[in-house]
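Me: I'm new to this one and would like to learn how to read it. Could you walk me through it?

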Amino acid sequence: TSEWKGMSAGTTVLELRRAGPDLYSYSSTSNARGVFRMAFSETLTQTSTFRLDDGVVQPLTFRGIDEKEREIRLDFDWTNMKVSGVAKGNVVDLALTEGAQDAMSLQIHTLRSLAEGKVAPTVSMIDGDKLKDYELRLEGNDRIETALGELDTVIYTSRRAGSDRVTKTWVAPSLGYLPVKAERIRGKKKEFTLLLEWLDR
């Protein structure tokens, strides 16, 4: 479930599927609720297809729409180290750096890194029509109440370099480092919260 500044805003379903040998699809489908249907698309879906290359998450395609209902279509060419497509109404044609991620594959990359006990301080991500650096940091541990009961969690934050907006995520080692809570914070104000309601494997 999602909350916007303390008000119920809707639901989000995250789904990871195997699409082939070392090939996976990770999608997010968000449905706005109540008055938030007037401000956001009623349904917002984003999907990343990625492969594991010697254990490293390597995005191949990203499809979706943004909050203004503009198409996002990204195709990654790791042979020629470039990504092309459209985002935010602009043509995308960028040089890739090793380890670069899209908005969805970055989550899988980070969770796998946490499970291995290491988190790189920065990672590059395709943000709209630009390649930007994001800072990742471990923030400690906490035991929190969830819909699945009390869980021990590891906390990490991600932030675009130079931004005052931070995403804080709680992941549960006992659930394979799956996220059970997330908050988006701008300055000192909490804007957005996601809370785990159910898990199906």
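This is a predicted model: local features need pLDDT of at least 70, side-chain atom pairs count only at pLDDT 80 or more; totals for chains, interfaces and linings use all residues.

Me: Which residues touch the most other members in the largest nonpolar core?

Reply: In soluble globular proteins, nonpolar side chains tend to be buried together. A nonpolar core here is a set of buried Ala, Val, Leu, Ile, Met, Phe, Trp, Tyr and Cys residues joined through side-chain atoms within 4.5 Å. Buried means under 20% relative accessible area, exposed is over 50%, and partly exposed is in between (1.4 Å probe, protein chains only). The largest core has 19 residues, and Phe 50, Leu 74, Phe 76, Trp 78, Val 83, Leu 96 and Ile 126 touch the most other members. Two or more residues each come from strands E3 (23-32), E4 (43-53), E5 (56-65), E6 (71-77) and E7 (82-87). Strands (E, at least two residues) are DSSP runs, numbered from the N terminus. Apart from that core lies another, of 8 residues, including Leu 151 and Val 180.

Me: What is Leu 96 in contact with, beyond its neighbours within four places in sequence?

Reply: Contact means heavy atoms within 4.5 Å. With those neighbours left aside, Leu 96 is in contact with Phe 76, Asp 77, Trp 78, Met 81, Lys 82, Val 83 and Ile 126.

Me: And Ser 28, is that buried or exposed?

Reply: Ser 28 lies in strand E3 and is buried, at 12% relative accessible area. Leaving aside neighbours within four places in sequence, its contacts include Thr 12, Leu 44 and Met 104.

Me: How many salt bridges does a search of the whole structure find?

Reply: Side chains of opposite charge can pair when their charged atoms come close. The rule for a salt bridge is a side-chain nitrogen of Lys or Arg within 4 Å of a carboxyl oxygen of Asp or Glu. The search finds 15. In one of them, Glu 116 pairs with Lys 118, with the closest N and O atoms 3.9 Å apart. Glu 116 is partly exposed at 49%, while Lys 118 is exposed at 52%.

Me: Which residues join Arg 184 and Glu 191 in one network?

Reply: Arg 184 and Glu 191 meet in a salt bridge at 3.2 Å, N to O. Arg 184 is partly exposed at 25%, whereas Glu 191 is buried at 11%. Through salt bridges that share partners, Asp 164 and Arg 186 belong to one network with Arg 184 and Glu 191.

Methods
Residues are numbered from 1 along each chain as its sequence is written. Side-chain values use heavy atoms; hydrogens and water are left out. Helices (H or I, at least four residues) and strands (E, at least two) are DSSP runs, numbered from the N terminus.
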